[in-house]
Amino acid sequence: MAIINQATKELQVKIVYYGPAMGGKTTNLVQVHDHVQTNAGNKGKLVSLATSSDRTLFFDFLPIEAMTIKGFKTKFQLYTVPGQVIYNTTRQLVLRGVDGIVFVADSQFEKMPENVESFQNLMDNLAAQKLNLAEIPYVLQYNKRDLPNVAPVEYMDFLLNNREVQVPSFAGTAHKCEGVFESLNMITRMLLQKFINQSVPQYA
Amino acid sequence: MATLPQLIEEDIRQLDDALAEFIRQADAIGALIIDKGGFLITHKGDMGELDLTTIGALASGAFMASQTIAGLVNEKNFNSTFQQGEKFSLYILEVDEECLLAIIFTSQTGLGIVKYYSSNVASSIAKQLTAARVRNPDGGFDLSVLNLADPKELFRKKNKR
């Protein structure tokens, strides 16, 4: 969960990119890292703990500073999880303290079972930490829309966005940076909105 | 879920004082208090240009991975990890259910002295963090001046050249 540090005037929040293997989670972070417009020193290094074949082994990590509100710096920590089914323990570790989630789904028709399985896995792993999706802001990104065999967005909404409250979803082509900033900015809005709703008088 | 919603200046001052005293006693280079979720809470010491944000995230991940291994071998007491290098070493100690203490020290400093003094400072840190948690468990952040509809407030993509 987010940390508010009155001494250093910082708000730190954690956003996790979740989804099936090879869906484009790491590509999202790479694109944010390469294209985000920040002041000098506000963007950290993108750290990838990956296998020799560039598959995420533990997580990718990108610290980035955004707007300043009433003198408070907002620091975002962006993480990805490894998508491969066998790394579930690692996914649970990365989810610890999560404030917002971007679920990156693969739009190819044949990947729908993996999308659904990964989404269920997300709910299970949140439940293991006594969390649920109703409490955590999340958005959906339907990635790889440039491929020929993609499922219609409506069908993906039916599969992944069919809960009591529908969340924002974005068509994306992450390697062209399409949908990447839209997803990030929406999850940022949603989780800052949550802070506004929770706001209480401050300590001096 | 227990968390650290808000740390006031007094919290950070107490934590920094405890870390400074520990560094002096143990002859360490630096010490970081880290949330298990990967957030850097505060730090002390002469660590120059080190990327402490990333060190915090990675140290937390490494410790939590070690904790998971403990669970797999039915061991409840993997409460610290130690990485020894040629010049520098890293010792990570669990402070409480939510936080860790990561200590960087040179090869000239013995692990024994670091372990000895770190257990004392970990207790002081845990006490202060507990005070912060119970003070205002639902503390939030006043964002009333933020206009979330204004895209300039959010992440912007560089213009193509």
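In chain A, strand 7 (residues 100-106) and strand 8 pair in the parallel sense over six bridges. Two strands are taken to pair if DSSP finds at least two bridges between them. Strands (E, at least two residues) and helices (H or I, at least four residues) are DSSP runs, numbered from the N terminus. In this pairing A:Asp106 stands opposite A:Asn143 of strand 8. The chain crosses from strand 7 of chain A through helix 3 of chain A to strand 8 of chain A, and this β-α-β crossover is right-handed. Right-handed here means that, with the strands pointing away from the viewer, the path from the first strand over the helix to the second runs clockwise.

The model is predicted; local features need pLDDT of at least 70, side-chain atom pairs count only at pLDDT 80 or more, and totals for chains, interfaces and linings use all residues. Residues are numbered from 1 along each chain as its sequence is written, while chains are lettered from A and ligands numbered from 1 in the order in which they are written.

Strand 8 of chain A spans residues 138-143, and six of its six residues are buried. A buried residue has 20 or more other C-beta atoms within 10 Å of its own, an exposed one 12 or fewer, and a partly exposed one a count in between; C-beta atoms are placed from the backbone. In a regular strand the side chains alternate between the two faces of the sheet. Both faces of strand 8 of chain A are covered. A:Tyr138, A:Leu140 and A:Tyr142 lie on one side, with A:Val139, A:Gln141 and A:Asn143 on the other.

Strand 8 of chain A also runs parallel to strand 9 (residues 169-171) of chain A, joined by three bridges. Here A:Gln141 stands opposite A:Phe170. The β-α-β crossover from strand 8 through helix 4 (residues 153-160) to strand 9 of chain A is right-handed.

Helix 2 (residues 88-95) of chain A has A:Thr90, A:Arg91, A:Leu93, A:Val94 and A:Leu95 as its buried residues. Their cover includes strands 2, 5 and 6 and helix 3 of chain A, together with helix 2 (52-72) of chain B. Just after helix 2 of chain A, A:Gly97 takes a positive phi of about 75°.

Most residues other than glycine have a negative phi. A:Lys9 has a positive phi near 55°. A:Lys9 is found in the loop between strand 1 and strand 2 of chain A. With 14 C-beta neighbours inside 10 Å, A:Lys9 is partly exposed. A:Cys177 has a positive phi of about 65°. A:Cys177 is found in the loop between strand 9 and helix 5 of chain A, and is partly exposed, with 18 other C-beta atoms within 10 Å.

Conventions
Contact = placed C-beta atoms within 7 Å.
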